[in-house]
Amino acid sequence: MPRDQERGEMGLGAVPGRQAAFREGLEKAVLYAKALGCPRIHLMAGRVPQGADRATVSGEMETVFLENLRHAAGVLAQENLVGLLEPINTRVTDPRYFLDTPQQAAAILQKVGRPNLQLQMDLFHWQIMDGNLTGNIREFLPIVGHVQIAQVPGRGEPGSPGELCFPYLFQLLEDEGYQGFVGCEYRPQGEAPGMALGNGFGGKGIRRGWAVSSLQGEMPLPPSPHRRHRRGAELAPFIL
């Protein structure tokens, strides 16, 4: 639910004065999710208003976010859908994004207290903001509903050079009991999106398949034998 990116919007969940627009966007997202058979919707928090001091407005923004999330949880529960909260790093990607650490997201989820709202773990953002991936994966995985990855710092595919050791991270996710999809949201550094399936996924888990997408606007890859789960193909595990 990104709303109008041309207006500089990255969601409206925590933006004061935009509650009606958030609810309108949620209704549309639910329609898309039902049409696509998509079980998850990313509830984007949005940005700190231009020129505002983050510390000054954070209390009001959290109050708005909690109100919108409680409403969203009720709407999604009627359709058996899950809402996801994704912290996006404010050091590189978006300095004004309101929700930027797993600790902040987990605290908000605890305050809302709805089982169909979960955490979206994007290891690219988590590494940039906090590091400590082993500890954070173990701490927050029980409330995680979806995982995304890209290499750090360039946001390339998992086979590209960078800080993250994906065979280790995939094995850790498996050892900790994660059963969901892993989405690859990256900027391809090689010839084409999806090429990393052949060279960057050394762990045993990845050979059973993972959902793959890129940040360059291509359509998702079609269903293939690399699909991880017995429940069949899903072209998109969540809707933005």
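# A tour of the predicted model

Read along the sequence, the pattern is α-β-α-β-α-β-α-α-β-α-β-β, which amounts to six helices and six strands. Helices (H or I, at least four residues) and strands (E, at least two) are DSSP runs, numbered from the N terminus. This is a predicted model: local features need pLDDT of at least 70, side-chain atom pairs count only at pLDDT 80 or more, and totals for chains, interfaces and linings use all residues. Residues are numbered from 1 along each chain as its sequence is written, and side-chain values use heavy atoms, with hydrogens and water left out.

**Whole protein**

Start with a surface view. The accessible surface comes to about 11,200 Å², and 51% of that belongs to carbon and sulfur atoms; accessible areas come from the Shrake-Rupley method with a 1.4 Å probe, and for residues only the protein chains shown count as cover. Of the 240 residues, 52% are buried. Buried means under 20% relative accessible area, exposed over 50%, and partly exposed in between (1.4 Å probe, protein chains only). Among contacts (heavy atoms within 4.5 Å) with a separation of 6 or more, 74% are accounted for by residues 24 or more positions apart.

**Helices α1 and α2**

Select residues 19-36 for α1 and residues 54-78 for α2; these helices pack at an angle of about 30 degrees, with their axes 11 Å apart. That makes α1 roughly parallel to α2. Axes are lines fitted to C-alpha atoms, for helices over the stretch in contact, and angles run from 0 to 180 degrees between N-to-C directions. Angles under 35 degrees count as roughly parallel, over 145 as roughly antiparallel, 65 to 115 as roughly perpendicular and the rest as oblique. The crossing of α1 and α2 is right-handed, meaning that the near helix is turned clockwise from the far one by less than a right angle.

Now show side chains. From α1, Gln19, Phe22, Arg23, Leu26, Glu27 and Val30 meet Val64, Glu67, Asn68, His71, Ala72, Val75 and Leu76 of α2. The residues of this contact divide into seven nonpolar, three polar and three charged. Here Ala, Val, Leu, Ile, Met, Phe, Trp, Tyr, Cys and Pro count as nonpolar, Asp, Glu, Lys and Arg as charged, and the others, Gly among them, as polar.

**Backbone in two loops**

Most residues other than glycine have a negative phi, and most peptide bonds are trans. Go to Asn80, in the loop between α2 and β2 (82-85). Phi of Asn80 is positive, near 60 degrees, and Asn80 counts as exposed at 68% relative accessibility.

Next, select the loop between β4 (144-149) and α6 (166-175), where Pro153 is found. The peptide bond from Val152 to Pro153 is cis, with omega near 15 degrees. Arg155 is also in the loop between β4 and α6. Arg155 has a positive phi near 60 degrees, and at 7% relative accessibility Arg155 counts as buried.

In α6, select Phe166, Leu169, Phe170, Leu172, Leu173 and Glu174, which are buried. The buried residues of α6 pack against β3 (117-122), α4 (123-129), α5 (133-140), β4 and β5 (182-186). Just after α6, Gly177 takes a positive phi of about 95 degrees.

Finish at Ile137 in helix α5. Ile137 is buried, with a relative accessible area of 0%. Leaving aside neighbours within four places in sequence, Ile137 is in contact with Met121, Leu123, Leu169, Leu172 and Leu173. C-alpha to C-alpha, Ile137 and Glu176 are 8.4 Å apart in space, and 39 residues apart in sequence.
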